Amino acid sequence: MELKIKNRLVIINGPSCSGKSALADRIQEECSGKCVIIGHDDILEYVDKNQPQEKIDEEFRGLYLGTICNALSMPDIDLLVLDSLNIEIKRLLAFISLIRLVGEYRDPITLVKMNIDAKLHDEFIRKRTNDPYFIASAKSQVVLYKGIEGSLNKSIPYCDTTVVKDPRDVTITYDLPKKGRKK
């Protein structure tokens, strides 16, 4: 399948172990301009985990949004890729609204929704861990993502959306504004 990237901001959305990070890495490797990836897991590493969950979530959201807005303000970045776990529709809509409001980003967004089948998801999970708690969490994320409260089957304003069924079978083409065009 072909993934056309024609916007400066790409959000890769999906449950844990659905291939988001691997696809983000490929996008970065194949982009001829300066491409920066901001990963959900990378930001989480900077959050103080020795506080109540509510404070952890608040600190994470502030760091994640601040990092995104800072990157969007840098004119030398041709492409910004967000590896995002926002699988609930309300969280994804709020996330995009904040980027548009606080980050003053007004252009369309390339939204990539990961929708891999259960067998492939199991394969990706096994490559990452054997931890039963993590496995259960990743599988419950899929149920939420595909369900009524999930973002998979919902239309998202301001986004050019592509659904990826196997991140290994994606051909990426670029039609970026400015100097970030694929050679």
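The model is a predicted one, in which local features need pLDDT of at least 70 and side-chain atom pairs count only at pLDDT 80 or more, while totals for chains, interfaces and linings use all residues. Residues are numbered from 1 along each chain as its sequence is written, and side-chain values use heavy atoms, with hydrogens and water left out.

Select residues 132-146, which form α6; a helix here is a DSSP run of H or I with at least four residues, numbered from the N terminus. At 1.5 Å times one less than its number of residues, α6 should span 21 Å, and the 22 Å between its end C-alpha atoms agrees with this.

Next, colour Phe-134, Ala-138, Gln-141, Val-142 and Tyr-145, the buried residues of α6, where buried means under 20% relative accessible area and exposed over 50%, with a 1.4 Å probe and protein chains only. Looking down the axis, you find these buried residues within an arc of 100° (taken from the directions from the helix axis to the C-beta atoms), so they line one face of the helix. On the other side, Pro-132, Tyr-133 and Val-143 are exposed.

Finally, select Pro-15, Ser-18, Met-114, Asn-115, Ile-116, Val-142, Tyr-145 and Lys-146, which line the largest cavity. A cavity is a set of points on a 1 Å grid over the protein atoms alone where a 1.4 Å probe fits but cannot get out, and lining residues have an atom within 4 Å of a point.

Definitions and conventions: Helices (H or I, at least four residues) and strands (E, at least two) are DSSP runs, numbered from the N terminus. On a 1 Å grid over the protein atoms alone, a cavity is a set of points where a 1.4 Å probe fits but cannot get out, and a pocket is an open set with protein on both sides within 12 Å along at least five of seven lines; lining residues have an atom within 4 Å of a point.
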